[in-house]
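Subject: Structure for your study

Dear colleague,

Please find below the structure that I am handing over to you. I would ask you to look at it first and then to read the notes that follow.

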Amino acid sequence: REQPIFSTRAHVFQIDPNTKKNWVPTSKHAVPVSYFYDSTRNVYRIISLDGSKAIINSTITPNMTFTKTSQKFGQWADSRANTVYGLGIFFEHHL
């Protein structure tokens, strides 16, 4: 079964699908972002909900790269969701 391994709060962004340059916020405030591990399938996922709406449901694959672009911001591309996600984190050590 899938087990939570870490949670934090962050501002979640997606890259603008039209310009591929600008970040678009997916919520008006910081939301919980959780990292899960499924030991039976050996799969990690990043999940974030804004109320009952999933704004991130990203399966981490071996070819994904998480890039820390500043002390409190990082991003990764999810080819399955066809988007680039960004996280603005309050505490640098959580990134």
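**Annotation and overall content**

According to an unreviewed UniProt entry, the annotation "domain: WH1" covers residues 1-95; UniProt positions are given here in the numbering used in this message, feature names are shortened, and annotations may be inferred rather than shown by experiment. This is a predicted model, in which local features need pLDDT of at least 70 and side-chain atom pairs count only at pLDDT 80 or more, while totals for chains, interfaces and linings use all residues. Residues are numbered from 1 along each chain as its sequence is written, and side-chain values use heavy atoms, with hydrogens and water left out.

The span of residues 1-95 is 0% helix and 61% strand, and its end C-alpha atoms lie 25 Å apart. Helices (H or I, at least four residues) and strands (E, at least two) are DSSP runs, numbered from the N terminus.

**Strands and hairpins**

Two strands are said to pair if DSSP finds at least two bridges between them. Strand 3 (31-38) and strand 4 (43-50) run antiparallel and are joined by six bridges. In this pair, D38 stands opposite V43 in strand 4. The hairpin of strand 3 and strand 4 has four residues between the strands.

Strand 4 also pairs with strand 5 in the antiparallel sense, over seven bridges; here I47 stands opposite N57 in strand 5. Two residues lie between strand 4 and strand 5 in their hairpin, and G51 in the turn has a positive phi of about 70 degrees.

Strand 6 (residues 67-70) and strand 7 (residues 73-78) are antiparallel as well, with three bridges. T67 stands opposite Q75 in strand 7, and a hairpin of two residues links strand 6 to strand 7.

N42 counts as exposed, at 54% relative accessibility. For these terms, buried means under 20% relative accessible area, exposed over 50%, and partly exposed in between (1.4 Å probe, protein chains only).

K20, also not a glycine, has a positive phi of about 60 degrees. K20 sits in the loop between strand 1 (2-15) and strand 2 (23-25), and K20 counts as exposed because its relative accessibility is 54%.

M64 is found in the loop between strand 5 (53-60) and strand 6. Is M64 buried or exposed? M64 is buried, because its relative accessible area is 19%. Leaving aside residues up to four places away in sequence, M64 touches S58, T59, W76, A77 and D78, where contact means heavy atoms within 4.5 Å.

M64 is also one of the residues that line the largest pocket; among the others are Y35, I46, F66, W76 and H94. On a 1 Å grid over the protein atoms alone, a pocket is an open set of points where a 1.4 Å probe fits, with protein on both sides within 12 Å along at least five of seven lines, and lining residues have an atom within 4 Å of a point. This pocket holds about 180 Å³ of space. The lining has seven nonpolar residues, three polar and no charged.

Yours sincerely

Methods: Points joined across faces, edges and corners; volume = space filled by probe spheres on them. Nonpolar A, V, L, I, M, F, W, Y, C, P; charged D, E, K, R; others polar.
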